[in-house]
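The points are grouped by topic and may be followed alongside the structure shown here.

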Amino acid sequence: PTTVTLSPGTKADDLGEMDFPVRADVGAQYMGKHVVGFDMAGEFFGLGIWGEVAVVFPDGVKTRAVANDLLIDYDLTEERISDTPYAQYTIGLDYHFDWSMYVNLQYAHGFPFELGKDAQNDYFILKLDQNFLYNTLRLTLQGGFAIVEWDDVGNNHGYLVNPEIAYKPFDNLEFMLGAYILEGEGSGLFALLDDQDQVYLKAQASF
């Protein structure tokens, strides 16, 4: 919790807009939580299917501000993260086609860094791999689409596109050229990273 104390005699009509010196006693808190999870995986005529679900029981986090003005206390407490339990889950499937193409499709409700029942977003994730020249050349297109508010998708969404080309001259060496393209509106993960596009070149060696 965070506690801000105003010195006696201080006057403020709006405690949300304080432009005078204050004494602040600040403490940090790590949000504890308990998680119960379940996962399953299987195959149906070559189609891989899996699912995971976690029920999170958070401790909750609050911010408290106490203002003293002529012996009159103002106690402003704001709930940052509710202690209401919430669920996070993922379902997905993948398939290998005979012409060296791999497809992976997933739907996720909530990521681990999204704390609180009202902070859970929905993500649709797709990956396509196509191999050529006896698996020495690989073309990959992967990315995701995030929905923050279903009632206003146009102003609360984001997406990530990650094209990549890889060349593997030997079994233990691979060169990759790719890019991250991010766009979004609102306050979701991809929207916060808007205009942070990247291009990369990397080599991966295995021993």
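Phe 124 is partly exposed, with a relative accessible area of 36%. The model is a predicted one.

**Aromatic rings**

- In total, the structure holds 10 aromatic pairs.
- Phe 97 and Trp 99 form one of these pairs, which is stacked, with 4.8 Å from centre to centre and 20° between the planes.
- Within this pair, Phe 97 is partly exposed at 30% relative accessibility, while Trp 99 counts as exposed at 53%.
- Tyr 107 and Phe 124 form a tilted pair, with 5.2 Å from centre to centre and 40° between the planes.

**Nonpolar surface patch**

- A nonpolar patch on the surface is formed by Phe 132, Leu 133, Leu 139, Ile 165, Leu 177, Val 199 and Leu 201.
- Together, the residues of the patch have about 700 Å² of accessible area.
- Leu 201, one of the patch residues, is located in strand S13 (residues 198-205) and is exposed, with a relative accessible area of 69%.

**Loop between S9 and S10**

- Leu 133, another member of the patch, lies in the loop between strand S9 (122-132) and S10.
- Leu 133 is exposed at a relative accessible area of 61%, and its phi is positive, about 50°, although the residue is not a glycine.
- Tyr 134 is placed in the loop between S9 and S10 and is exposed, with a relative accessible area of 82%.
- The phi of Tyr 134 is likewise positive, near 55°, in a residue other than glycine.

- Thr 140 is found in strand S10 (residues 137-147) and has a relative accessible area of 6%, so it counts as buried.
- The side chains of Thr 140 and Arg 138 are joined by a polar contact of 2.6 Å.
- Leaving aside residues up to four places away in sequence, Thr 140 touches Lys 127, Leu 128, Asp 129, Asn 162, Pro 163 and Glu 164.

Definitions and conventions:
Residues numbered from 1 in each chain as written. Predicted model: local features only at pLDDT ≥ 70, side-chain atom pairs only at ≥ 80, totals over all residues. Heavy atoms only, no water. Patch = residues over 30% accessible without salt bridge, like charges linked within 9 Å, V, L, I, M, F, W, Y side chains within 5 Å. Areas by Shrake-Rupley, 256 points an atom, 1.4 Å probe, with all protein chains shown as cover. Salt bridge = Lys/Arg side-chain N within 4 Å of Asp/Glu carboxyl O. Helix = DSSP H or I, 4+ residues; strand = E, 2+ residues; numbered from the N terminus. Buried < 20%, exposed > 50% of the residue type's maximum accessible area, 1.4 Å probe, protein only. Polar contact = N/O pair within 3.5 Å; in protein donor to acceptor, adjacent residues only side chain to side chain. Contact = heavy atoms within 4.5 Å. Phe/Tyr/Trp six-rings, centres within 6.5 Å; stacked < 30°, edge-to-face > 60°.
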